[in-house]
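This briefing is meant for a reader who is meeting the structure for the first time. Please look over the sequence and the model before reading on.

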Amino acid sequence: MVLASVHRFIISRVFVLLIIVVEWRVFSFEAERIRRKVESSPKTIQLSRVIGESARMTYKSKDLDFDSALKSSYWKKDTSNISRTDRISLGINRNKTKFWLEIKKVDVQDSGTYSFVLNGTVLRWWLLHIKEPCGVPLEEKATSCVPFSKLSHPDCPSFPGKPLNVRVSYHLYEGMPIVQVTWTPPNTGFGDLWGYQLYITGKGGHPGHNDCAQINRKKEILYWTFHKNIRYGATYQITVQSMPSHHKNDNNLVHLSVRVPEKCQFKQYMNLLECSCSFINVTAKYTDHKILLEWALPLKDKCQSINKTFTIRWNNIQIPQECTGEEEVKEGYEFIIQLERDKCTRFNYSIKLSGKINEVPIKDVRVTVLIPKVPTQAVKQSDASKKLFIAVLGAFLGLLICSLLVMYRIFFWQVRIKLPDHPLPRPPLNNPLLESDKKRVFVMYTRCCEKCNHVVHCFGAVLNSTELIEASIDMWNTLDIAPNVPRWYEDQVKNSHCVVVLASHKMSVRCHSASDEGDDPLNIRCQLNLIRGQIAQNPDVHRFIPAFFSCSGTKKNIPEFLSSRWSHKLPKEVDRIIFHLLNVEKIQPYRTQPIIVMGGNGHPFDEKKKELERAVQEAETFHRNNNLQNL
């Protein structure tokens, strides 16, 4: 009996010992297999974060026994073990498939090498780099735009890429149109990214409107809605730019345009009286000092009410203060506008037709009436003898003038002024022929391509290199333009001594086609209208000078209201346009040689002029190749 009890006791203890040995062998084998696998190919992950962001490291493996690994695993930074703190969290996910370490609001001292260790064996490495912030964003998630430049933040080594999947759409909200923008973060420079800036600029139908919003988060907010002062039927340009950035960086922004339909094009308003009874068959014709305006309404019962009132307002586009008027019509569908004064028949008219049916207003209509030019009387032909006499007299006078010019060049050659040596200021003169201050010159042009924009930039550099002219171009003043686009252009046209209008094929196309608006900050037609207004107030003003580059335009592209003025072909006549800007002809009417020597002796003007000529050649080659490809 005693032997049987001892035997059972021994057997039970041996069985327990055998189970312990088997489990230990299995665990040792598993750990050894994992150790050999890790030691053969340890994996290193590079992490880059900006101060204030969160950093998360995750280790995932299907080969681990997480219950036992949880007891024998730990995290290390460099050579020190990591413990939980207010900023550092450790744990595993609910499915027990991942170990993770998270550091909130990283700082410079968090940089280093992190590792996940199991039974003394490193299973994975992480190299964490902490970068200084390039322009710290505001704490609020969304604010008004704050100007940012690399000059104010010189610690910016790099910038993020452009936002991806940018989408722009229009909607109705509480009866008013809104514009909504969505996007996704860039796939390059994500570590540099801390937010976005969104711009909306009014184009056709709403020029001068602009607004800007700044998103101070890189992932939390990826949409924005513009709802202030959005108009029906207007076109807007939306710009989404990754931050940080500076105004000369075009590699991290996206431009998109959206047109908001007219109010009556939305389904919610189609059945309203003002939409269903809008004007049709509106025509305006000019004949014999009068304009005949005719219109009609749809043949619907509600549109043919007896209580109808129409209002006609008209004004001359060039002289609106003198040739304007307003009249109300209660019967009929036509009206005659009498133009009694002769000067009111010289320019085109803009007419606005509005109406009410049962005191409910209907959609307004605008029409433009083109006034034909008065034909000039034919000059009577003279007889052959008179023509011969004029020809002989002209030849004699020509020879006399040529002789006088030769004598002048021989005996009266004299140079009065040379360009000041850069960067020295102009020397003081007792009786200066030129004004003491620099001439302010605004260069107006139409954006075409990068090559043509570079040509305009070089032209401005040539003007500035003379130290006598201070040129202004919109591409140099992006930040000044943004707050109020039309006001900036209006100030340039009014306050500049001279305005150079660089005509081009693109300018002609955009002036005659309302659909082709381009990417100018302000539509070129609006810019030219500012000049028209100045000329209308003072027809004798000579400070508006047309010109064109041989690479992008011809004399035919000069706007019609400037075509009668003396124009310059560039870069061939760059010296003559500088003389024109400085009023050289005005102060030396008796001389044929310029009183100013352009360049020489290594003056910066010579180098800038050569750069302009090279830019024009590159632009000509670029446009020639594009034309061949299109053919």
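**A helix across a parallel sheet**

Helix H9 lies across strand S25 (439–444), strand S27 (498–503) and strand S28, and H9 runs at about 135 degrees to S25. The model described here is a predicted one, and the secondary structure of its protein chain comes to 12 helices and 30 strands. Of the 631 residues in the protein chain, 39% are buried. Among the contacts in the chain with a separation of 6 or more, 64% are between residues 24 or more positions apart.

**The parallel sheet**

- The strands S25, S27 and S28 belong to an open sheet of 5 strands, whose order is S26-S25-S27-S28-S29 and whose pairing is parallel.
- At the edges of this sheet stand strand S26 (469–472) and strand S29 (568–570), each of which pairs on one side only.
- On average, and with direction ignored, neighbouring strands of this sheet are turned by 30 degrees against each other.

**Helix H9 and its partner H7**

- Helix H9 (residues 524–537) packs with helix H7 (residues 485–495) at an angle of about 40 degrees, and the axes of the two helices are 10 Å apart.
- The crossing in which H7 passes H9 is right-handed.
- On the H7 side the contact is made by Tyr-489, Glu-490, Val-493 and Lys-494, while H9 contributes Gln-527, Leu-530, Ile-531 and Gln-534.
- Sorted by class, the contact of H7 with H9 has 4 nonpolar, 2 polar and 2 charged residues.

**Helix H5 and its partner H10**

- Helix H5 (residues 450–465) and helix H10 (residues 574–581) pack with their axes 11 Å apart and at an angle of about 55 degrees, and H5 and H10 are therefore oblique to each other.
- H5 passes H10 in a crossing that is right-handed.
- Phe-459, Val-462 and Leu-463 of H5 meet Val-574, Ile-577, Ile-578 and Leu-581 of H10, and by class this contact has 7 nonpolar, no polar and no charged residues.
- Ser-465, which also lies in helix H5, has a relative accessibility of 7% and therefore counts as buried.
- Not counting residues up to four places away in sequence, Ser-465 touches His-603, Pro-604, Phe-605 and Lys-608.

**The antiparallel sheet**

- A further open sheet is formed by 4 strands in the order S20-S19-S22-S23, and here the pairing is antiparallel.
- Its edge strands are strand S20 (324–329) and strand S23 (360–369), each of them pairing on one side only.
- Neighbouring strands of this sheet are turned by 15 degrees against each other on average, direction again ignored.
- Strand S22 (residues 349–357) is joined to S23 by 8 bridges, the two running antiparallel, and Lys-352 stands opposite Arg-366 in S23.

- Strand S18 (residues 290–296) has a covered face with Ile-291, Leu-293 and Trp-295, and an uncovered face with Lys-290, Leu-292, Glu-294 and Ala-296.
- S18 and strand S17 (residues 280–286) pair in the antiparallel sense over 5 bridges, and Thr-283 stands opposite Glu-294 in S18.
- S17 and S18 form a hairpin with 3 residues between them, and Asp-288 in the turn has a positive phi of about 50 degrees.
- S18 also pairs in the antiparallel sense with strand S21 (residues 334–338) over 5 bridges, and there Ile-291 stands opposite Ile-337 in S21.

**A buried tryptophan, Trp-75**

- Trp-75 has its place in strand S3 (residues 73–77).
- With a relative accessible area of 4%, which is under the 20% limit, Trp-75 is buried.
- When neighbours within four places in sequence are left aside, the residues in contact with Trp-75 include Met-57, Leu-90, Phe-99, Trp-100, Phe-116 and Trp-126.

Definitions and conventions
Residues numbered from 1 in each chain as written. Predicted model: local features only at pLDDT ≥ 70, side-chain atom pairs only at ≥ 80, totals over all residues. Heavy atoms only, no water. Buried < 20%, exposed > 50% of the residue type's maximum accessible area, 1.4 Å probe, protein only. Pairing = 2+ DSSP bridges. Axes fitted to C-alpha atoms, helices over the stretch in contact; angles between N-to-C directions. Parallel < 35°, antiparallel > 145°, perpendicular 65-115°, else oblique. Left-handed = near helix turned anticlockwise from the far one by under 90°. Contact = heavy atoms within 4.5 Å. Nonpolar A, V, L, I, M, F, W, Y, C, P; charged D, E, K, R; others polar.
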